[in-house]
Amino acid sequence: QGMLARDTSSSLGWSLMGMAIDGEDITSFDHRSDFSYASKGSGEKIEATAKDLAEHLLECLGARKGVSYRGQVLLPPSLVEELLVDPLIYHILGGNIMDGKSRWAEAIGEKIAFEGYTLEDHPHDVRMRGCTPFSREGVPTRKLSLVEKGILKQQLDSVYSAKKRGTAPTGNGSGPHVPVLGAGRTPLAKLKASGSRLLDCGR
C-alpha cells in the first residue's frame, strides 16, 4: 500500500513463584509478575513484587479446613480478568461474530452486563504492556469504549473480519491491546476493611 510504519520498545519483565514453609505447615505455591519499560526504578518494583508475594504466602500459613460460605467475595485481578473480562471479549471479536460464535453479533447499543460494568481499550498508555500506536496489521490504534455502564458500544475487527462483515477495522483483531475495567464505587481499602463478611479468594 506504499506505507511503512515502525515502532520499537524495550521492556524488563519478571515472574516470581514460591511457597511458605513453617515446620510441617506448607502452603500451596503462588506467583506474582510485573514489568517495566524503564530501567530506572525497576529494582524497587522487583523488590515490591517479591515482598507482596512473601507477605501473601505468610498469610496463608495456618490454613484451616474450608467451611460453607455465602456472601460477598473479593476477587483478585487475575480472576476478574478470567471471569468478567475475557469471556466478554470473546463475544465482541469480529472473527467470532463472522463465524457465528458470538451471542452479541447484533447487540450494539444493548445492555449486556450490569450497569456498573465499563470496559475500555487504552492502547496508548505507555505504563501498560501491550501499548502500541498501531496493530500488527498496521491499523492505527485509538482509545475505545467497549462497554459503557453495561451497554455494548464497540465490537473489534481485524482488516479481514471488517471486510467480511462490512465494517471498519479497529486495529484489534485479536482483542483489546490494554483492556481497562472501570473502577467500582467502593474504594479497595474500604472493601478490605469490611471484616469477616468478606472472603478474599486470593487467600
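Helix H2, which covers residues 77-92, has 16 residues and reaches 21 Å from its first C-alpha to its last, close to the 22 Å expected at 1.5 Å a residue, the expected span being 1.5 Å times one less than the number of residues. Helices here are DSSP runs of H or I with at least four residues, strands are runs of E with at least two, and both are numbered from the N terminus. This is a predicted model, in which local features need pLDDT of at least 70 and side-chain atom pairs count only at pLDDT 80 or more, while totals for chains, interfaces and linings use all residues. Residues are numbered from 1 along each chain as its sequence is written, and side-chain values use heavy atoms, with hydrogens and water left out.

At Val85, helix H2 bends by about 35 degrees, and a proline, Pro87, follows within four residues; the bend is the angle between axes fitted to the seven residues ending at a residue and the seven starting there. Val85 is also one of the buried residues of H2, together with Val80, Leu88, Ile89, His91 and Ile92, where buried means under 20% relative accessible area (1.4 Å probe, protein chains only). Their cover includes helix H3 (94-98) and the strands E6 (119-121), E7 (144-148), E8 (151-152) and E9 (179-181).

In the protein as a whole, the secondary structure comes to 5 helices and 10 strands, and the C-alpha trace spans about 65 × 45 × 30 Å along its principal axes. Of the 203 residues, 28% count as buried.

How values were computed:
Buried means under 20% relative accessible area, exposed over 50%, partly exposed in between (1.4 Å probe, protein chains only). Contact means heavy atoms within 4.5 Å.
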